[in-house]
Amino acid sequence: MICAPGFTNPVLDSQAVYSTIMSAMSEPAKMFALNKYCDGPTSLFPTTAAIALTLFDNDTHILHASAQQDAQEWIRFHCGAPITQEEKHADYAIVSQQTHSINFSSLAIGTSEYPERSTTLIFEVESFGRGRSFEARGPGIAETTTFSVKGIHEKWQEIVTNNEGLFPQGLDCILVSSESILCLPRTTRLRSM
Amino acid sequence: MISLSYTVQQRQEWMRLLAMAPTQELEKFWDNFQNKPEYQILRQPEVGLAMIKAQSCGTGQPFHFGEIPLSRSAVNIAGKVGHGYVQGRSTSHALHMAICDALLQDDSSRETLEQTLLAPIAQGLENKKKQREAALLKTKVDFFTMVRGEDDQ
């Protein structure tokens with residue numbers, strides 16, 4: 001099987017994607033457009049592929065519980081990142097709406113000494129601006145902000161709500177549609193509208 | 001299991017030759033190549049570092065000798081994925097090596113490449129080795145011990 005190509009311009013592209021992720025993390029619950037930098041494998045969004053190329057390397061363990069082998073091959077080829085099946089070892093987990101085989105309660109939430117040793121979840125979503133609406137508050141948000149999301153794994157809200165009692169530990173979430181991203185770090189609190 | 005029309009040893013040999021060939025030779029070969037097939041770059045040529053491991057002697061502990069710059073690239077030509085890994089910072093060498101590797105995996109072009117590219121490279125490397133040997137031979141010193149006559153006593 002042949003892997004799809006990676007970034008055309010690895011240095012500048014990964015810097016641009018990294019900058020977008022940083023902006024999105026510092027302004028939670030706000031949608032940021034992510035240009036199309038690469039096609040990636042067919043079972044991943046081009047945006048997820050771009051994030052993978054930017055954040056994954058041989059030191060990060062990736063949990064990708066999907067029957068689709070092409071994405072795993074692609075991640076191994078381009079990022080050199082080991083694919084793990086164990087939730088507690090995962091630095092990043094890619095979760096689409098169809099992902100069923102993942103046990104969210106075993107994911108790494110970090111320790112009180114090293115809260116950063118936690119899993120960052122990358123949720124693939126159908127779209128933003130439609131579907132259920134939420135009100136978000138927390139650091140990086142002036143008062144409150146609203147967003148809506150459609151076509152996302154059913155457990156996502158439970159994970160974000162759970163963060164409240166775990167701080168400083170917890171799970172950071174990156175929500176990715178086929179053309180934009182929205183981040184919900186562990187400090188963001190949600191309320192259904 | 002994919003059945004290949006070449007052996008692993010064959011590929012190892014052509015990878016060795018491609019990696020050791022002078023960059024200009026590969027560039028010239030590709031420039032003059034007739035009916036260039038389209039190639040898709042899977043991995044843009046990039047330079048990184050590779051750690052060299054060494055052993056102080058046959059039974060010694062392995063240790064990290066140091067790092068060398070390494071260029072690599074990967075291309076896809078009509079379903080054949082060619083890789084280029086070469087010591088040094090020549091991204092062009094890595095890219096051309098990847099292209100040649102992909103072409104060599106293809107039955108229709110392998111023979112041509114073996115004759116027009118690999119054979120001259122092998123010849124060139126052989127000549128270079130001989131030249132170096134000849135240059136070194138001039139300074140060869142034979143150490144021998146003269147008979148001291150002690151055995152007779």
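# Briefing: a predicted model of chains A and B

Between them, chain B and chain A bury about 750 Å², and 63% of that lies on carbon and sulfur atoms; buried area here is the accessible area (1.4 Å probe) that two parts lose on being put together, summed over both. This is a predicted model, in which local features need pLDDT of at least 70 and side-chain atom pairs count only at pLDDT 80 or more, while totals for chains, interfaces and linings use all residues. Residues are numbered from 1 along each chain as its sequence is written, chains are lettered from A and ligands numbered from 1 in the order in which they are written, and side-chain values use heavy atoms, with hydrogens and water left out.

**Where the chains meet**

- In chain B, Leu42(B), Arg43(B) and Gln44(B) lose the most area to chain A, together 63% of what that side buries.
- The contact (heavy atoms within 4.5 Å) involves 10 residues of chain B and 10 residues of chain A.
- On the side of chain B that touches chain A, the elements giving two or more residues are β1, β2 (62-77) and β3 (80-87) of chain B. Helices (H or I, at least four residues) and strands (E, at least two) are DSSP runs, numbered from the N terminus.
- The largest share of that side, five residues, comes from β1(B).

**A nonpolar patch on chain B**

- Ile52(B), Phe63(B) and Phe65(B) make a nonpolar surface patch of about 290 Å². Patches are made of residues with over 30% relative accessible area and no salt bridge, with like charges joined within 9 Å and nonpolar side chains (Val, Leu, Ile, Met, Phe, Trp, Tyr) within 5 Å. Accessible areas come from the Shrake-Rupley method with a 1.4 Å probe, and for residues only the protein chains shown count as cover.
- Ile52(B) sits in strand β1 (residues 40-55) of chain B and counts as partly exposed at 30% relative accessibility. Buried means under 20% relative accessible area, exposed over 50%, and partly exposed in between (1.4 Å probe, protein chains only).

**Salt bridges within the chains**

- Over all chains, the count comes to 10 salt bridges.
- Asp172(A) forms one with Arg186(A), with the closest N and O atoms 3.0 Å apart. Because Asp172(A) lies in strand β8 of chain A and Arg186(A) in the loop between β9 (180-184) and β10 (189-192) of chain A, the pair ties together parts that are 14 residues apart in sequence. Both Asp172(A) and Arg186(A) are buried.
- Glu13(B) pairs with Arg16(B) in a salt bridge whose closest N and O atoms are 3.3 Å apart. Both lie in helix α1 (residues 8-20) of chain B, three residues apart, about one turn of the helix. Glu13(B) is partly exposed at 36%, and Arg16(B) is partly exposed at 39%.
- Arg110(B) and Asp107(B) meet in a salt bridge at 2.9 Å, N to O. Helix α4 (residues 107-137) of chain B holds both, three residues apart, about one turn of the helix. Arg110(B) is buried, with 9% relative accessibility, whereas Asp107(B) is partly exposed at 49%.

**An enclosed helix in chain A**

- Eight of the 11 residues of helix α3 (residues 69-79) of chain A are buried, so this helix is largely enclosed by the rest of the structure.
- Among the buried residues of α3(A) are Trp74(A), Ile75(A) and Phe77(A).
- Gly80(A), with a positive phi near 70°, follows α3(A).

**Backbone points to check by eye**

- Most residues other than glycine have a negative phi, and most peptide bonds are trans.
- Ala29(A) is not a glycine, yet has a positive phi of about 65°. Ala29(A) lies in the loop between α1 (10-26) and β1 (32-33) of chain A and is buried at 3% relative accessibility.
- Ala78(B) also has a positive phi, near 45°. Ala78(B) is in the loop between β2 and β3 of chain B and counts as exposed at 73% relative accessibility.
- A cis peptide bond, with omega about 5°, joins Phe167(A) and Pro168(A). Pro168(A) is in the loop between α4 (156-166) and β8 (172-176) of chain A.

Note on methods. Salt bridge = Lys/Arg side-chain N within 4 Å of Asp/Glu carboxyl O.
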